[in-house]
Amino acid sequence: MGVRKAITGAEAAAEAMRQINPDVVVAYPITPQTPIVEQFAKYVADGIVDTEMVPVESEHSAMSATVGAEAAGARAMSATSSQGLALMWEIVAATPGLRLPIVMPLVNRTISAPLNIHCDHSDVMGVTTVGWIQIFSENAQEVYENLLLAIRVAEDTRVQLPAMVNQDGFITSHAVEPVEIFDDAAVRTFVGVRPLDRGLLDLQHVRTIGAMVLPDYLLEVKRAQEEAMMHVFEVYAEAGKELSAITGHQYPFFETYRTEDADAVIVVLNSAAGTAKVAVDAMRALGKKVGLLKPILFRPFPYAEVRDALKDVPVVGVLDRSMDFGAYAPVYTEIRNVLFELDRRPTTQSYIYGLGGRDIMATEIESVFEELLSGKLDPEHQRYIGLRG
Amino acid sequence: MSERKTWQELELGVELPAATSLGYKTGGWRVLRPVWNASECIHCMICVNYCPDMAIPVTKSEEGVAGKGGRLFKGVVRLETNLDYCKGCGICAHECPTKCLSMIREEEAEQASCKL
């Protein structure tokens, strides 16, 4: 069993990184990611980890150096948020094609403009198409465990793709919660060392990576990358089972909460899922049959499994913490895609909430449930929670 | 790239054998072809060093080759441009101090060789 510590989500990420003990960490501070790197830098300064920590002049350099270290054969990590992710986007997009299993905590924060330091998911939703594994975390405990899991999934030789582990800026990253930190030795055995079948500095097998690929090969390279992404499901399940032996927790692709027999289900990512559970309990206490589906593994997206979980639900409301202007919101789009194959599809409703860190209250989610149960829905037009006017 | 791999053979991303650029004949991009007048050449190596595609081969000549003014040039001398890789950028002709290189349209060069 582990030790319970009162720490923030950011510190939980740093604890995971301490146990992972990467060879190289390259990062640049950005609110609200800063405390992750701050705490990890203390571990480096105190000699608790063996990591070579490289302070750089920008996030573009941070991801470039992380890629360089990972290509050389090291286990390399970074961490960022919002504008930092935007600045490193060029290299972030290159990493999956290079097949480098970098694991990076992303502390979700609104993308400018207008400038805002608080939580929404507009940063991560701008990179979901480039090929990183995306894992979402409801609270600090999940941040810690998801990072451990992500290392094993990303580095598996069947996968070799980078992974981001998301947590909500400030709401999770700066709030102190009890977090169970598991035994160092057990966790270190679980994360192991990077299974390296190739490294740039392996002089017995010299090679070039990142070479130009023209129309004669690019399609084949991208098809192979998609295959690697599809392997994530099996590897995630296998590694999750192994991690369960240490933590006693389960690692499903998504969590369902009181969805059996539900007349209405809400789908929502990250910390708001915790609030939604409170709302579900309050509604259930009044005899109203409602539930929650919380996606965890967002890329690759487990379409068939989510479809199976929602197939008997009459109404599904999807809460998005970011917008896709002129199009359906990102999570709503996935859920619509999930349901398309069903003969008898649930009615759906899209809601935008919490942009720029605006609070979402349990009572507001209860009102959403009431609306879903009322049947007064408009699946083609998104609604806004707490919007003035 | 005569034998192209399938996507299944590329599972670890872009890892192709070394020196594949040799099999990629960029000469096909050429619109203008450099024509070398060896009798005006002083083998100064300016064209060789400026060529962005290293498409001008050199060799070592003990007996020497005849160049500008009938003079014998010994040591490192240039050879005919390798048209498999020359993209026809014309930098060699632009830099040549004796103007022994001229650029002609590719179709004219082909017509000339057909007549021959």
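Which residues have the most contacts inside the largest nonpolar core? In this predicted model, they are Ala150(A), Val153(A) and Val265(A), and the core has 115 residues. Helix H6 of chain A, residues 140-155, gives the largest share of this core, 10 residues. Both domain 1 (3-247) and domain 2 (254-384) of chain A contribute to this core, with at least three residues from each. Apart from this core lies another, of 11 residues, and Cys51(B), Cys92(B), Cys96(B) and Cys100(B) are among them.

Chain A contains 12 helices and 15 strands. Its radius of gyration is 21 Å, close to the 21 Å that the globule rule gives for 389 residues, so chain A is as compact as a globular protein of that length. Along the principal axes, the C-alpha atoms of chain A fill a box of roughly 65 × 55 × 45 Å. Among the 389 residues of chain A, 50% count as buried. Of the contacts in chain A with a separation of 6 or more, 81% are accounted for by residues 24 or more positions apart.

The domain assignment divides chain A into domain 1 (3-247) and domain 2 (254-384). A distance of 28 Å lies between the C-alpha centres of domain 1 of chain A and domain 2 of chain A. In the contact between these domains, 29 residues come from domain 1 of chain A and 20 residues from domain 2 of chain A. On the side of domain 1 of chain A that touches domain 2 of chain A, at least two residues are supplied by each of strand E6 (133-136), strand E7 (163-168) and helix H8 (218-247) of chain A. The largest share of that side of domain 1 of chain A, 5 residues, comes from H8(A).

An open sheet in chain A is formed by 6 strands in the order E9-E11-E10-E13-E14-E15, with mixed pairing. Strand E9 (254-257) and strand E15 (383-384) of chain A are the edge strands, each of which pairs on one side only. Strand E10 of chain A, residues 264-267, is joined to E13(A) by 4 bridges, and these strands run parallel. E10(A) also pairs in the parallel sense with strand E11 of chain A, residues 290-295, over 4 bridges. Ala264(A) has a partner in each of these neighbours: Val315(A) is its bridge partner in E13(A), while Val290(A) in E11(A) stands opposite Ala264(A). Val265(A), one of the residues with the most contacts inside the largest nonpolar core, touches Thr259(A), Val290(A), Gly291(A), Leu292(A), Leu293(A), Leu310(A), Val313(A) and Val316(A), not counting residues up to four places away in sequence.

Strand E13 of chain A, residues 315-320, is largely enclosed by the rest of the structure, because 6 of its 6 residues are buried. In a regular strand, side chains alternate between the two faces of the sheet. In E13(A), Val315(A), Gly317(A) and Leu319(A) point one way, and Val316(A), Val318(A) and Asp320(A) point the other way; all are buried. E13(A) pairs with strand E14 of chain A, residues 347-352, in the parallel sense over 6 bridges. Within this pairing, Gly317(A) stands opposite Gln349(A) in E14(A). The chain passes from E13(A) to E14(A) through helix H11 of chain A, residues 330-339, in a right-handed β-α-β crossover.

Chain B contains 3 helices and 4 strands. Starting at the N terminus, the elements of chain B follow the order β-α-β-β-α-β-α. Of the 116 residues in chain B, 18% are buried. Residues at least 24 apart are joined by 73% of the contacts in chain B between residues at least 6 apart in sequence.

In chain B, Leu72(B) lies in strand E3, residues 72-78. Because 10 other C-beta atoms lie within 10 Å, and a residue with 12 or fewer counts as exposed, Leu72(B) is exposed. Leu72(B) touches Gly64(B) and Ala66(B), not counting residues up to four places away in sequence. The C-alpha atoms of Leu72(B) and Trp29(B) are separated by 35 Å, and these residues are 43 residues apart along the chain.

Notes:
Residues are numbered from 1 along each chain as its sequence is written. Chains are lettered from A and ligands numbered from 1 in the order in which they are written. This is a predicted model: local features need pLDDT of at least 70, side-chain atom pairs count only at pLDDT 80 or more; totals for chains, interfaces and linings use all residues. A residue is buried if 20 or more other C-beta atoms lie within 10 Å of its own, exposed if 12 or fewer, and partly exposed in between; C-beta atoms are placed from the backbone. Two residues are in contact if their C-beta atoms, placed from the backbone, lie within 7 Å. The radius of gyration is taken over C-alpha atoms; the globule rule is 2.2 Å times the number of residues to the power 0.38. A nonpolar core is a set of buried Ala, Val, Leu, Ile, Met, Phe, Trp, Tyr and Cys residues joined through C-beta atoms within 7 Å. Domain bounds come from an automatic or database domain assignment. Two strands pair if DSSP finds at least two bridges between them. A crossover is right-handed if, with the strands pointing away from the viewer, the path from the first strand over the helix to the second runs clockwise.
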